[in-house]
Amino acid sequence: MDYNIAKFSHILALFMWIGSTSSIGLYFLYTLIKPSSYPQDEIRSFYRWMVNLEVLSLIVAISMGLWMLHLMKFRFDINWLNIKLLLVLFIILPLEALNFWFVNFYIPKAQEKERAYRMYDLFVLLISLPLIFVIIAIVYLAVFKP
């Protein structure tokens, strides 16, 4: 695979990741205005699907990013790229792994679904703002290459 195809795939996967993440955020706000009697399992099934699309997109984006690094024989001498990699590998990736675990393992196996939903919602609320700043920092690094 040549560098341009890898870069195109990387950017396309990033659009999918950001799109599904944004959709999830809007959907989350929508669920907050639904009546509490509305079945949460029904509401959250689409949400689970979007989280899985989000994680798959992120995996493709990271894979294509690493492939581009391989093709350009990366030697860790580009400071802005090193910072970007650290942000992705040590902040974004662990948070997405936790998100995947919550929606695919913790919530489906929970005995008390309402408690599991509340814990997950708290997780999403706690990570949302810091995640936005990290994403902005990554985009800044990618565009301006300081």
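Author: Let us start with one residue of this predicted model: Leu 93 counts as partly exposed, because its relative accessible area is 33%.

Reader: Which helix does Leu 93 lie in?
Author: Leu 93 lies in helix H3.

Reader: And which residues make the nonpolar surface patch?
Author: The patch is made by Leu 86, Leu 89, Phe 90, Ile 91 and Leu 93, and together they give a nonpolar surface of about 440 Å².

Reader: Switching to pockets, what volume does the largest pocket have?
Author: The volume of the largest pocket comes to about 690 Å³, and its lining counts 28 residues, with His 10, Leu 14, Met 68, Lys 84 and Ala 142 lying nearest the centre.

Reader: Which helix gives the most to that pocket's lining?
Author: That is H1, with eight residues, although helix H1 (3–33), H2, H3 and helix H4 (113–144) each supply at least two.

Reader: How does the lining of the largest pocket divide by class?
Author: The lining of the largest pocket holds 23 nonpolar residues, alongside two polar and three charged ones.

Reader: Which residues line the largest cavity?
Author: Its lining consists of Arg 44, Tyr 47, Arg 48, Val 103, Ile 107 and Tyr 117, and the elements giving two or more residues to it are helix H2 (40–71) and helix H3 (79–109). By class, that lining has four nonpolar residues, no polar ones and two charged.

Technical notes:
Residues are numbered from 1 along each chain as its sequence is written. This is a predicted model: local features need pLDDT of at least 70, side-chain atom pairs count only at pLDDT 80 or more; totals for chains, interfaces and linings use all residues. Side-chain values use heavy atoms; hydrogens and water are left out. On a 1 Å grid over the protein atoms alone, a cavity is a set of points where a 1.4 Å probe fits but cannot get out, and a pocket is an open set with protein on both sides within 12 Å along at least five of seven lines; lining residues have an atom within 4 Å of a point. Helices (H or I, at least four residues) and strands (E, at least two) are DSSP runs, numbered from the N terminus. Ala, Val, Leu, Ile, Met, Phe, Trp, Tyr, Cys and Pro count as nonpolar, Asp, Glu, Lys and Arg as charged, and the others, Gly among them, as polar. Patches are made of residues with over 30% relative accessible area and no salt bridge: like charges are joined within 9 Å, nonpolar side chains (Val, Leu, Ile, Met, Phe, Trp, Tyr) within 5 Å. Accessible areas come from the Shrake-Rupley method with a 1.4 Å probe; for residues, only the protein chains shown count as cover. A salt bridge is a side-chain nitrogen of Lys or Arg within 4 Å of a carboxyl oxygen of Asp or Glu. Buried means under 20% relative accessible area, exposed over 50%, partly exposed in between (1.4 Å probe, protein chains only). Grid points are joined across faces, edges and corners, and a volume is the space filled by probe spheres set on the points.
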